[in-house]
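Subject: Structure handover

Hello,

Here is the structure to go with your sequence. My notes on it follow below.

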Amino acid sequence: MSDRWLAHGNHPMSRLKVVVLSFIVCANFYVPAMANTGLNGIVRAVTVLDTNFDIADKNHDGLLSREEAANGNVSFIAKNFDAIDGRHRGLVSKDEVHDFIKKLLMRDQHPPASASTQR
């Protein structure tokens, strides 16, 4: 692993931090109880998913084809491939997977009544 690679934010831990921090910012603390318990589970699940993504990426191009997803230990990606592949190119990146996860986490969140009055 080169220093150049780490400097450009491509380190798996950097991506994980971005996903978790994005979730926290987007959630805007709508679910405070989740901050102590649920986020740890999300971090672990995304870490495992990222590791399995790398293993499934047989040609090491940073993208998963539908075939790589189907043959790898990434059933979440395989099952949701079309939804994750928003550009319909037949490939998904980790960033696209992370964006999809963020959308799933946020889709059922509703702002508290006081949020509409905040400036």
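Residues are numbered from 1 along each chain as its sequence is written, and side-chain values use heavy atoms, with hydrogens and water left out.

Confidence

The pLDDT (the predictor's confidence in each residue, from 0 to 100) averages 78 over the protein chain, and 60% of the residues score at least 70. Strand β2 (residues 91-93) has the highest mean, 98, and helix α1 (residues 3-7) the lowest, 44. Residues 1-8 are below 50, and this stretch has 6 contacts in the model beyond near neighbours in sequence; a contact means heavy atoms within 4.5 Å. Residues 27-31 also stay under 50, with 7 contacts beyond four places in sequence. Where pLDDT is low, the predicted coordinates should not be read in detail.

Fold and core

The protein chain has 8 helices and 2 strands, in the order α-α-α-α-β-α-α-α-β-α. These are DSSP runs numbered from the N terminus: helices are H or I with at least four residues, strands E with at least two. Of contacts between residues at least 6 apart in sequence, 50% join residues at least 24 apart.

Of the 119 residues, 29% count as buried. Buried means under 20% relative accessible area, exposed means over 50%, and partly exposed is in between (1.4 Å probe, protein chains only).

The largest nonpolar core has 16 residues, and Leu64, Val74, Ile77, Val92 and Val97 touch the most other members. Such a core is a set of buried Ala, Val, Leu, Ile, Met, Phe, Trp, Tyr and Cys residues joined through side-chain atoms within 4.5 Å. Two or more residues come from each of α4 (38-56), α7 (81-84) and α8 (94-106), and α4 gives the most, with 6. Beyond four places in sequence, Val92 touches residues including Phe53, Leu64, Ile77 and Val97.

Salt bridges

The whole structure holds 5 salt bridges, each a side-chain nitrogen of Lys or Arg within 4 Å of a carboxyl oxygen of Asp or Glu.

- Asp54 pairs with Lys94, with the closest N and O atoms 2.8 Å apart. Asp54 lies in helix α4 and Lys94 in helix α8, so the pair ties together parts that are 40 residues apart in sequence. Lys94 is buried at 6% relative accessible area, whereas Asp54 is partly exposed at 36%.
- Arg66 meets Asp82 at 2.6 Å, N to O. Arg66 is in helix α5 (residues 66-71) and Asp82 in helix α7, so this pair joins parts 16 residues apart in sequence. Arg66 is partly exposed at 44%, and Asp82 is exposed at 51%.
- Arg87 pairs with Glu96, the closest N and O atoms being 3.5 Å apart. Arg87 is exposed at 59%. Glu96, in helix α8, counts as buried because its relative accessibility is 13%.

Arg87, Arg89 and Glu96 are linked in a network of salt bridges. Beyond four places in sequence, Glu96 touches Ile84, Arg87, Arg89 and Leu91.

Regards

Conventions:
This is a predicted model: local features need pLDDT of at least 70, side-chain atom pairs count only at pLDDT 80 or more; totals for chains, interfaces and linings use all residues.
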